[in-house]
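Dear colleague,

Please find below the structure that I am handing over to you.

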Amino acid sequence: MASATRIRLLLADDHTVLRYMLRGILKQYPDIDIVGEATNGEDAVLMADKLQPAIVLMDINMPKLDGIEATQRIKANSIRIAILGLS
């Protein structure tokens with residue numbers, strides 16, 4: 001039985017290879033839509049605000065703005081977005 005609800009997910013990681021691998025794994029799940037990929041914390045905040053994903057898969061160590069600060073800013077803008085941290 002197919003799920004009517006799809007999960008909108010934003011990947012935020014500065015490592016291209018890791019993002020590629022995560023995208024490949026997550027695309028195997030039909031209920032997950034990868035709506036964007038951010039390469040730094042500032043872009044993650046901007047993209048989360050614009051795209052309104054249900055979940056952000058957030059790297060902790062990123063340039064411009066680390067994942068901790070990016071998470072705080074995203075949560076300040078939208079408490080509905082869940083953040084999963086990667087380290």
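This is a predicted model: local features need pLDDT of at least 70, side-chain atom pairs count only at pLDDT 80 or more; totals for chains, interfaces and linings use all residues.

The axes of helix α2 (residues 41–51) and helix α3 come within 9 Å and cross at roughly 15°. With angles under 35 degrees counted as roughly parallel, α2 and α3 are therefore roughly parallel to each other. The crossing in which α2 passes α3 is right-handed. On the side of α2, the residues involved are G41, A44, V45 and A48, and they meet A70, R73, I74 and N77 of α3. Sorted by class, this contact between α2 and α3 comprises five nonpolar, two polar and one charged residues.

I turn next to the sheet. Four strands make up an open sheet, arranged in the order β2-β1-β3-β4, with parallel pairing. Its edges are formed by β2 (32–38) and β4 (82–86), each of which pairs on one side only. On average, and with direction ignored, neighbouring strands of this sheet are turned by 20° against each other.

Strand β1 (residues 7–12) runs parallel to β2 and is joined to β2 by six bridges. Within this pairing, R8 stands opposite D33 of β2.

Two helices pack on the sheet. Helix α1 (residues 16–26) touches β1, β2, β3 (55–59) and β4, and the direction of α1 makes about 170° with that of β2. Helix α3 (residues 67–77) packs on the sheet as well, touching β3 and β4; the direction of α3 makes about 160° with that of β3.

Is R19, which has a relative accessible area of 9%, buried or exposed? R19 is found in helix α1. With that relative accessible area of 9%, R19 is buried, because buried means under 20%. Leaving aside residues up to four places away in sequence, R19 touches L11, D13, D14, E37, A38 and T39. As for Q52, R19 lies 33 residues from Q52 in sequence, and the two are 19 Å apart in space, C-alpha to C-alpha.

Yours sincerely

Conventions:
Residues are numbered from 1 along each chain as its sequence is written. Side-chain values use heavy atoms; hydrogens and water are left out. Two strands pair if DSSP finds at least two bridges between them. Axes are lines fitted to C-alpha atoms, for helices over the stretch in contact, and angles run from 0 to 180 degrees between N-to-C directions. Contact means heavy atoms within 4.5 Å. Angles under 35 degrees count as roughly parallel, over 145 as roughly antiparallel, 65 to 115 as roughly perpendicular and the rest as oblique. A crossing is left-handed if the near helix is turned anticlockwise from the far one by less than a right angle, and right-handed if clockwise. Ala, Val, Leu, Ile, Met, Phe, Trp, Tyr, Cys and Pro count as nonpolar, Asp, Glu, Lys and Arg as charged, and the others, Gly among them, as polar. Buried means under 20% relative accessible area, exposed over 50%, partly exposed in between (1.4 Å probe, protein chains only).
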